[in-house]
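Here is a short briefing on one protein model.

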Amino acid sequence: AGFGSRTPPHGSSRPLAHRTHSAPRRACVCRIALPTMASASKRPNTKARVEFLKPKPASIQLLDRQLSSADPEVRRTGVKSIPEKQAPAEPLTDCLSAKLEHQNWYVRRTGSEAAVRAIESKGAAEKTVKDVLGRLLTHPDAETRRCAGNALVGIVAAASAPEPSKLIPPLVAEASAKEAAARLENEDPRVRQNALEALGGMGEFARPYMKSIAGHLADPDASVRLAVVRMCTSLGVVFTEAVEEVTAILQHQEPVCGRTAAKALCKLADHSGSKVAAAVARELPMVQDLTARRLVLMLMVDLGPVFAPHGKVLASQLDDQDFGIRVTAMKALVAAGPGVAASSLEHVQKRMMHPHCDNRRAGVDAMRALASMCPSYARAVGKGLQEEPEDVSAADALRYKCDIFRVLGGAKENAQPFLEDLCYGLEDKDWAVRRAAIEAFEDLEEHAEEAAPMVAKRLLHHDPDVRRAAAECLGRMGMHCGQYANRVEGMMETEEDEDVLRACQASYKMLQEGGAFQRGRAGPPGWG
């Protein structure tokens, strides 16, 4: 068959055209693979496809490689070059966001440093603070949250520097503090903690949020509460804006929150002691709960001298019915030091005449403890030995005199101007007064040595009760009676009264055990 013949090849007798028209034509099926659920899930989402198709400037591509480099010097160079590049805002912030969420920790930290420099790039400051760092403050990864918080602190520091860059837009520091403060009410305690730590490095820019910050001392999470305590030091005097709110938490129904508030006040007292003391002193009379009141008083003990101007408030706690409160109030008065005398002397001394014995004893103990530090306390009670109290019964006057001797017994060197008055107490007709005078000499120890001659003279008194009191007094003074110990030994040979003799024998034994005779024999043996 030729080229144009219609005879079919391979010996077929039917022409090609006939075969073509007579044979059934097969359907041409176009097989199109329909998308399945599995294949659809593997496709990138819309955002990723847009990012993939979005053109990335060459400067951002270079910056991306620099910030991800393993070489620290290359990363530093990339960070420094950001203000010079003046790259478009959106690609730049996308790059920073990717670096802050990078898997390598050093890339995340480099991204944090880069975010600080990005505020000098035109139009990138607001997007960096709000869209990048603000969003990452709630990131699930703790290191990413921390890097975002550090970046906000760095932005505040750069914007508030003495000579900030002219490229930094205004109010960027305020916006950074606002973004951190907005996360204080987040449901995640770790997010709240990170936000507080960020605000703790912002100084004055955290001032508008101080009340909200102080309120987190009552947060259920311990790490959040401790973050606020650390802020009391990092923010310094800025935190004193919320000292009233911190003081109010001392009465919180959860004791652990009250204790945390006390820790915070101790930190604040390091730089703002007077303001803290004034706030706590105003709060103390309003505290009704016993545990909270004891906590406030223990705080006053810890802070000590800063509460010296508030002695009246402390003295009022000596009237409390609880023994522990009275003791703690007394400790707080002592801890306040000599400066508390001006504000507390009158009020503490009044408690020595309190009608209830427990409160009266608290006043006496407080006066005794303070008399050793403040001469004015010793002088105040010493005047009572020359002046009889007015409008009191004989029993109350007697008891008051004994209390004066007890106070002077703890006054140490401040009691020396009243040693002669104590000696006259040995001659009192009431044995309780004589007993109080003897105990006062015993408590004064070496500060009573000057009174030893005056006490020894009472050994020759015509009244046996006075001789007995003098002998016992010398015995209790021990080696501090000096050479006059020998007189007690001599009295044992000449005394005729049995009660006085027994007192001399008991005193001789005490003096012998205390080594007073060895010291006394060094002096002249005469009666002087």
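Two residues are in contact when they have heavy atoms within 4.5 Å of each other. The model is predicted. It holds 30 helices and 0 strands.

**Helix pair α27 and α29**
- Helix α27 covers residues 464–477, and helix α29 covers residues 498–513.
- Their axes come within 8 Å and cross at roughly 10°.
- Angles under 35 degrees count as roughly parallel, so α27 and α29 are roughly parallel to each other.
- On the α27 side, the contact involves P464, R467, R468, A471, E472, L474, G475 and R476.
- Facing them in α29 are D499, V500, A503, C504, S507, M510 and L511.
- By class, this contact has 8 nonpolar, 2 polar and 5 charged residues.

**R293**
- R293 sits in helix α17, which spans residues 290–303.
- Buried means under 20% relative accessible area; R293 has 12%, so R293 is buried.
- The side chain of R293 makes a polar contact with the side chain of D320, at 3.0 Å.
- A polar atom of the R293 side chain also lies 3.4 Å from the backbone oxygen of V287.
- Leaving aside neighbours within four places in sequence, R293 is in contact with L284, V287, Q288, Q317, D320 and I325.

**Whole protein**
- Of the 528 residues, 45% are buried.
- Among contacts with a separation of 6 or more, 67% join residues 24 or more positions apart.
- The accessible surface comes to about 27800 Å². Carbon and sulfur atoms account for 53% of that surface.

How values were computed. Residues numbered from 1 in each chain as written. Predicted model: local features only at pLDDT ≥ 70, side-chain atom pairs only at ≥ 80, totals over all residues. Heavy atoms only, no water. Axes fitted to C-alpha atoms, helices over the stretch in contact; angles between N-to-C directions. Helix = DSSP H or I, 4+ residues; strand = E, 2+ residues; numbered from the N terminus. Parallel < 35°, antiparallel > 145°, perpendicular 65-115°, else oblique. Nonpolar A, V, L, I, M, F, W, Y, C, P; charged D, E, K, R; others polar. Buried < 20%, exposed > 50% of the residue type's maximum accessible area, 1.4 Å probe, protein only. Polar contact = N/O pair within 3.5 Å; in protein donor to acceptor, adjacent residues only side chain to side chain. Areas by Shrake-Rupley, 256 points an atom, 1.4 Å probe, with all protein chains shown as cover.
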